[in-house]
Amino acid sequence: MIVPGSASQALAAALADETGRPLATPEFHRFPDGEARAAVPGFAGEEAVVVAATTSDEAFVELLQLQDAVREAGAETVTTVLPYMGYARQDRAFEAGQPVSARATARAVSTGADRVVLVSPHEPGVADFFDVPVEVVGAASLLSEPLPDGLVDPLFLAPDESAEALSVAARDAYGGGEADFFEKERDYDTGAVTVTPGDAVVEGRDVVIVDDIVATGSTMSEAVAALRERDAGDVYAACVHGVLAGSARTRLAAAGVERVVATDTVERAESAVSVAPLVARAL
Ligand code: R5P
């Protein structure tokens, strides 16, 4: 049975369709003191697949409760699908005394799961923080699907060198074009991001910037603006996880983006393609 977290209802339904498995309908309750309770009253079966993007602290607690609820209801195996794993970018202690939050949260999830399916984590090493087997599913190739056919001399750019594999995957899936990356620097005190285009010629070309996540939109909007200054053609912002926090959409619009496309790992208006077929293969 597929068990959706409240932030992953459309994806869970797509996964149920894809796999032919039944879909549970959890109940979410909030007590007067603010505590939450997620229950799965109709759970039946021996295998539970809990699908929950941990987009907030509440979503994390909810996931732990759903894992526990299906065990209580008789599930013998619990597979937890993390379409988007919050805290994954805190994958090291940046200063003495700070936590490795990705590890702490991964360990907590591991207590209630037999295995985990993790979609496009920020760094592959995040998978090592879990105490149960993890299958990592890379979803960047899907980002070519919502793009228009006939992009002009397309250039797929990652915002930094470490993300180059994402732009290559999207370019390969699109079936043509060049793949490259920007140089990126982030000021960790102010959060400001500076991107410097590499050697690729952008003038007159349609450009797709491909990243794993758009959170505040600083990285992506800086990249879009840098391309517009260099007279690129249409500039698309493509990301696996469209967190799009705060004023991210406004920043992107102000920078001159043509369109933002994302998958449904985080369910947003920009979710133009589903990771359900990829996740189904990993179950
Ligand atoms: C960083 O290395 C990631 O790949 C993203 O570029 C970054 O996390 C996006 O964050 P923001 O939207 O806040 O700039």
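1. A salt bridge is counted here where a side-chain nitrogen of Lys or Arg lies within 4 Å of a carboxyl oxygen of Asp or Glu. The model is predicted, and it holds seven salt bridges. In one of them Glu47 pairs with Arg21, with the closest N and O atoms 3.4 Å apart. This pair links distant parts of the chain, as Glu47 is in strand β4 (residues 47–51) and Arg21 is in the loop between α1 (9–19) and β2 (27–30), 26 residues apart. Glu47 is partly exposed at 32% relative accessibility, and Arg21 is partly exposed at 23%.

2. Asp114 forms a salt bridge with Arg71, and their closest N and O atoms are 3.0 Å apart. Here too distant parts of the chain are linked: Asp114 is in the loop between α3 and β6 (115–119), Arg71 is in helix α2, and 43 residues separate them. Asp114 is partly exposed, with 34% relative accessibility; Arg71 is partly exposed, with 29%.

3. Glu270 and Arg249 meet in a salt bridge of 2.7 Å, N to O. Glu270 belongs to the loop between β14 (259–263) and β15 (271–273) and Arg249 to helix α6 (residues 248–255), so the pair ties together parts 21 residues apart in sequence. Glu270 counts as buried, at 15% relative accessibility, whereas Arg249 is partly exposed at 38%. Elsewhere, salt bridges that share partners join Asp153, Glu178 and Arg205 into one network.

4. Phe60 is in helix α2 (residues 57–72) and Tyr87 in the loop between β5 (77–82) and α3 (101–110), so parts 27 residues apart in sequence are tied together. Phe60 is buried at 9% relative accessible area, and Tyr87 is partly exposed at 32%.

5. The rings of Phe156 and Tyr174 also form a tilted pair, with centres 5.6 Å apart and planes at 50°. Phe156 lies in strand β8 (residues 155–158) and Tyr174 in helix α4 (residues 164–174), 18 residues apart in sequence. Phe156 is buried, with a relative accessible area of 0%.

6. On the surface, Glu161, Glu183, Glu185 and Asp199 gather in a patch of negative charge. Asp199 sits in the loop between β11 (193–196) and β12 (207–214) and is exposed, at 78% relative accessibility.

Conventions
Residues are numbered from 1 along each chain as its sequence is written. This is a predicted model: local features need pLDDT of at least 70, side-chain atom pairs count only at pLDDT 80 or more; totals for chains, interfaces and linings use all residues. Side-chain values use heavy atoms; hydrogens and water are left out. Patches are made of residues with over 30% relative accessible area and no salt bridge: like charges are joined within 9 Å, nonpolar side chains (Val, Leu, Ile, Met, Phe, Trp, Tyr) within 5 Å. Accessible areas come from the Shrake-Rupley method with a 1.4 Å probe; for residues, only the protein chains shown count as cover. Lys and Arg count as positive and Asp and Glu as negative; His and the chain ends are not counted. The place of a charge is taken as NZ of Lys, CZ of Arg, CG of Asp or CD of Glu. Helices (H or I, at least four residues) and strands (E, at least two) are DSSP runs, numbered from the N terminus. Buried means under 20% relative accessible area, exposed over 50%, partly exposed in between (1.4 Å probe, protein chains only). Rings of Phe, Tyr and Trp (its six-membered ring) pair if their centres lie within 6.5 Å; planes under 30 degrees apart count as stacked, over 60 as edge-to-face and the rest as tilted.
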